[in-house]
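Here is a short briefing for a reader new to this structure. Take a look at the model first.

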Amino acid sequence: MRYFLEFSYKGTAYNGWQKQNNALGVQQVLEEALAKILRLPIEITGSSRTDTGVHAEQQFAHFDLENRIEDEELLIYKLNGLIPRDIAVRRVIEVPDDINSRFAATHRKYEYRITRQKNPFLTDLAYLLKADLDIERMNEAAALLLQYNDFESFSKIHTQVNNFRCTITEAIWVDSDDMLIFHIRANRFLRGMVRALVGTLLDVGKGKRTVAEFEQVILSKNRKVAGAQAPAEGLFLVEVGYDFI
């Protein structure tokens with residue numbers, strides 16, 4: 001039997017999603033909790049990787065069992081009682097055996113959140129940035145992302161991928177009170193892509209690059225030409241889409 005977990009987490013205390021030998025990832029925490037409750041070794045596969053300090057409001061992973069879970073709500077209750085407070089399991093969903101949480105996802109959506117004023121309730125949950133930004137120019141540059149599909153310029157180097165092609169269907173900055181939020185939706189994302197995009201778009205907003213120069217960064221397919229990565233604490237994975245959920 002194959003099951004999907006739907007869950008969320010605050011990523012501040014974790015070295016990203018993926019389990020590692022020398023650091024704690026969210027994947028390891030969930031695997032150990034499932035193994036303890038089910039009394040079986042469990043391996044889970046996530047729909048998306050997130051870096052150290054990055055958060056997820058909606059994340060999915062799948063795992064396999066020989067026998068059907070009799071009480072899914074009870075499993076959720078036990079998991080939430082065992083895992084730390086900065087991770088929360090929402091649903092356990094039985095799916096066909098050939099459905100992979102990573103490859104079956106139709107889209108992912110991220111938000112990058114910036115606060116203009118120091119706010120203790122947003123510590124580790126938004127990037128504090130007081131700079132004056134030209135949001136109209138940032139959105140003009142962001143709109144260019146929908147016209148291209150090769151984003152090698154915004155990918156971490158030495159990453160093992162077959163190609164750097166992504167189909168972006170939404171890329172817009174929304175200004176709301178003291179918050180500035182970048183919304184971006186695509187079928188897939190490269191490692192470090194959103195934070196590199198945000199850092200480069202902020203350069204446009206600060207007047208350090210023109211919109212035309214931003215387009216040349218895309219065309220260059222060279223990570224060294226793009227801007228620095230924006231800090232991790234502002235980034236949230238907010239949605240993972242599937243045709244059957």
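Where does UniProt place the feature "active site"? The unreviewed entry puts it at Asp51. This is a predicted model, in which local features need pLDDT of at least 70, side-chain atom pairs count only at pLDDT 80 or more, and totals for chains, interfaces and linings use all residues. Residues are numbered from 1 along each chain as its sequence is written, and side-chain values use heavy atoms, leaving out hydrogens and water.

**The annotated site**
- Asp51 sits in the loop between β2 (45-46) and β3 (55-64); strands are DSSP runs of E, at least two residues, and helices are runs of H or I, at least four, numbered from the N terminus.
- Asp51 touches Gly16, Lys156, Gly192 and Arg195 (heavy atoms within 4.5 Å), with residues up to four places away in sequence not counted.
- The UniProt annotation may be inferred rather than shown by experiment.

**Two packed helices**
- Helix α3 (residues 135-144) packs with helix α4 (residues 193-205) at about 135°, and their axes are 8 Å apart.
- Axes are lines fitted to C-alpha atoms over the stretch in contact, and angles run from 0 to 180 degrees between N-to-C directions.
- Arg137, Met138, Ala141 and Ala142 in α3 meet Leu201, Leu202, Val204 and Gly205 in α4.

**Aromatic pairs**
- The structure holds 12 aromatic pairs (ring centres of Phe, Tyr or the six-membered ring of Trp within 6.5 Å).
- The rings of Tyr3 and Phe63 have centres 5.9 Å apart and planes at 25°, so this pair is stacked (under 30 degrees).
- Tyr3 is in strand β1 (residues 2-9) and Phe63 in strand β3, so the pair ties together parts 60 residues apart in sequence.

Key:
Rings of Phe, Tyr and Trp (its six-membered ring) pair if their centres lie within 6.5 Å; planes under 30 degrees apart count as stacked, over 60 as edge-to-face and the rest as tilted.
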